[in-house]
Amino acid sequence: MTNRTFVLACLTPLFIFSLLFLALPLGRLFLASGEGDAGWAVYLDIVRKPRYLNTLVLTVLVSAATTIAALSVSTTAGMFLVRNQFRGRGTVLSVLTLPLAFPGVVIGFLIILLGGRQGLVNQLTPGHVVFAYSAIGLFLGYLYFSIPRVLLTVMAAAEKLDPSLEEAARTMGASPYRVVMDVIIPGLMPSLIASGAIAFATAMGAFGTAFTLATNIDVIPMVIYTEFTLSANIAMAAALSIVLGIVTWILLLIARSLSGSTVAGGG
């Protein structure tokens, strides 16, 4: 078998898969967005109508806040776990990665048990605080399943850092803050960008958690669901899906250009 034949044999299944399960469905989705009464102006409606625009902005803001918080928590915890060996370390790591075993609906249910109308916080606080069905509850739900994804990536990168660089910086009189900012963070930056992009994209498209918690607010996945199932507005649902895909794709493209091939390991 020649090299050319071998390459064709390997690429043919990939081409068929890409055509049948990626290109054709996406092409049909794009065409469906222009088949409504508004035609292709449906994309203008997304930015002209407050409901869709506010939903898009809220989804981006919650996803961005989730990404920043997940990076902060996971980087601190990941560096500590990599640099310190102690009894119970495996248990701590197992607890931090436990959300990987839960679907979004279960995570939403956990947030309701914590901050819902019959939740723990409501029962313990004098003001009967309920936050599960707001942007705060959605943020906590997204953060819950984002932390382990970022944590594992950061830990893998932290294990490859060269301790001699940090020691050299300390020898030259650098403070602990400067060591972190000038040595550790730059060393982790490709993985932080990659895992942050994955966390943002996942939060943008998360449905199970939003379906459970987003009763008082709208986010893009929920609006797509209601437009498709309740309003039978196929064109708007398709247009929102395209916009959602473009936003996340652009972010992943930028992240890949900044961090190189490490984006592939970000999830």
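The side chains of aspartate 182 and arginine 178 form a salt bridge, with N and O 2.7 Å apart. In a salt bridge, a side-chain nitrogen of Lys or Arg lies within 4 Å of a carboxyl oxygen of Asp or Glu. Both residues belong to helix α9, where they are four residues apart, about one turn of the helix. Helices here are DSSP runs (H or I, at least four residues), numbered from the N terminus. Aspartate 182 is partly exposed at 46% relative accessibility, and arginine 178 is partly exposed at 35%. The classes are buried (under 20% relative accessible area), exposed (over 50%) and partly exposed (in between), for a 1.4 Å probe and protein chains only.

The model is predicted: local features need pLDDT of at least 70, side-chain atom pairs count only at pLDDT 80 or more, and totals for chains, interfaces and linings use all residues. Residues are numbered from 1 along each chain as its sequence is written, and side-chain values use heavy atoms, with hydrogens and water left out.

## Other salt bridges

The whole structure contains eight salt bridges. One of them joins the side chains of aspartate 218 and arginine 51, at 3.9 Å from N to O. This pair links distant parts of the chain, 167 residues apart: aspartate 218 lies in the loop between α10 (208-213) and α11 (220-229), and arginine 51 lies in helix α3. Aspartate 218 is partly exposed, with a relative accessible area of 32%, and arginine 51 is also partly exposed, at 36%.

## Glutamate 166 and its surroundings

Glutamate 166 is located in helix α8 and is buried, at 3% relative accessibility. Its salt-bridge partner is arginine 170, and the closest N and O atoms of the two are 3.5 Å apart. Because glutamate 166 and arginine 170 are four residues apart in helix α8 (residues 163-171), about one helical turn separates them. Arginine 170 is partly exposed, with a relative accessible area of 43%.

A network of salt bridges links Arg83, Glu166, Glu167 and Arg170. When neighbours within four places in sequence are left aside, glutamate 166 is in contact with Arg83, Val179, Val183 and Ile184. Contact means heavy atoms within 4.5 Å.

## The nonpolar cores

In soluble globular proteins, nonpolar side chains tend to be buried together. A nonpolar core is a set of buried Ala, Val, Leu, Ile, Met, Phe, Trp, Tyr and Cys residues joined through side-chain atoms within 4.5 Å. The largest nonpolar core has 21 residues, of which Met79, Ile184 and Leu188 touch the most other members. Helices α3 (50-83), α7 (135-158) and α9 (176-205) each supply at least two residues of this core, and α7 gives the most, with eight residues.

Not counting residues up to four places away in sequence, isoleucine 184 touches Met79, Leu161, Glu166 and Val179. There is also a second, separate core of 17 residues, including Ala132, Ala203, Ala214 and Met222.

## How α5 meets α7

The axes of helix α5 (residues 104-115) and α7 come within 9 Å and cross at roughly 130°. This makes α5 oblique to α7. Angles under 35 degrees count as roughly parallel, over 145 as roughly antiparallel, 65 to 115 as roughly perpendicular and the rest as oblique. Axes are lines fitted to C-alpha atoms, for helices over the stretch in contact, and angles run from 0 to 180 degrees between N-to-C directions.

On the α5 side, the contact is made by Ile107, Leu110 and Ile111. On the α7 side, Gly137, Leu140, Gly141, Tyr144 and Phe145 take part.
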